[in-house]
Amino acid sequence: MRTAKTFDSEEEAMEALENDKIKEGDVIVIRYEGPKGGPGMREMLAPTSLLVGKGLGTKAALITDGRFSGGTRGICVGHICPEAANGGVIALIEDGDKIRIDINKRTLDLLVDEKTLEERRAKLQPFKIKTNGFLGKYARTVSDASHGAIV
């Protein structure tokens, strides 16, 4: 069981890693980096590299609605769907929540009761697209990662 530390961008997570705010047993939650939120499903090589470089590659975990490359090592779960920008459960995680990752069973469980999640969902603000132009159009029309992140 691990303790959530939540970040609404890759940059916020990188700052926490650089300033040693991530400890053994933490799970870094990087959200709003999926196809709509990124937009474009940003690749998380920088935070995973820094996590390993700090000696936390097997002692902390990282989950994201973003993506990973072939260079990713450690306890990392990507492509979380639905993404935070679409109101997925990843958007409801708060600092201090307990998360269980069972690699052998291929499960990821947020250990928060349904009533609490319903209360959080009621307070969740609609996602505001970060950009205009082509990327804004993409963000408004893109499908989730489980359906190919296509328009």
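Which residue takes a positive phi in the hairpin of S5 and S6? In that hairpin, which has four residues between the strands, arginine 106 has a positive phi near 60°. Let's walk through the rest of the protein from there.

This is a predicted model, in which local features need pLDDT of at least 70 and side-chain atom pairs count only at pLDDT 80 or more, while totals for chains, interfaces and linings use all residues. Residues are numbered from 1 along each chain as its sequence is written, and side-chain values use heavy atoms, with hydrogens and water left out.

**Overall build**

The protein has four helices and six strands; helices (H or I, at least four residues) and strands (E, at least two) are DSSP runs, numbered from the N terminus. Read from that end, the order is β-α-β-α-β-β-β-β-α-α. The C-alpha trace spans about 40 × 35 × 30 Å along its principal axes. With 151 residues, a compact globule would have a radius of gyration near 15 Å, and the protein agrees at 15 Å. That radius is taken over C-alpha atoms, and the globule rule is 2.2 Å times the number of residues to the power 0.38.

Buried residues make up 42% of the 151 residues. Here buried means under 20% relative accessible area, exposed means over 50%, and partly exposed lies in between (1.4 Å probe, protein chains only). The accessible surface comes to about 8,300 Å², and carbon and sulfur atoms account for 50% of it; these areas come from the Shrake-Rupley method with a 1.4 Å probe. Among contacts (heavy atoms within 4.5 Å) between residues at least 6 apart in sequence, 60% join residues at least 24 apart.

**Around strand S5**

Leucine 108 in S6 is the bridge partner of isoleucine 101.

Aspartate 97 belongs to the loop between strand S4 (75-77) and S5. Is aspartate 97 buried or exposed? Its relative accessibility is 8%, so aspartate 97 counts as buried. Leaving aside neighbours within four places in sequence, the contacts of aspartate 97 are Arg2, Thr3, Ala4, Leu92, Leu110, Val112 and Arg120.

|---|---|---|
| glycine 38 to proline 39 | near -20° | between strand S2 (26-30) and helix H2 (45-53) |
| cysteine 81 to proline 82 | near -15° | between S4 and S5 |

The loop between S2 and H2 also holds methionine 41, which has a positive phi of about 60° although it is not a glycine. Methionine 41 is buried because its relative accessible area is 7%. In the loop between S4 and S5 sits histidine 79, again not a glycine and with a positive phi of about 60°. Histidine 79 has a relative accessible area of 42%, so it is partly exposed.

Note on methods: Pairing = 2+ DSSP bridges.
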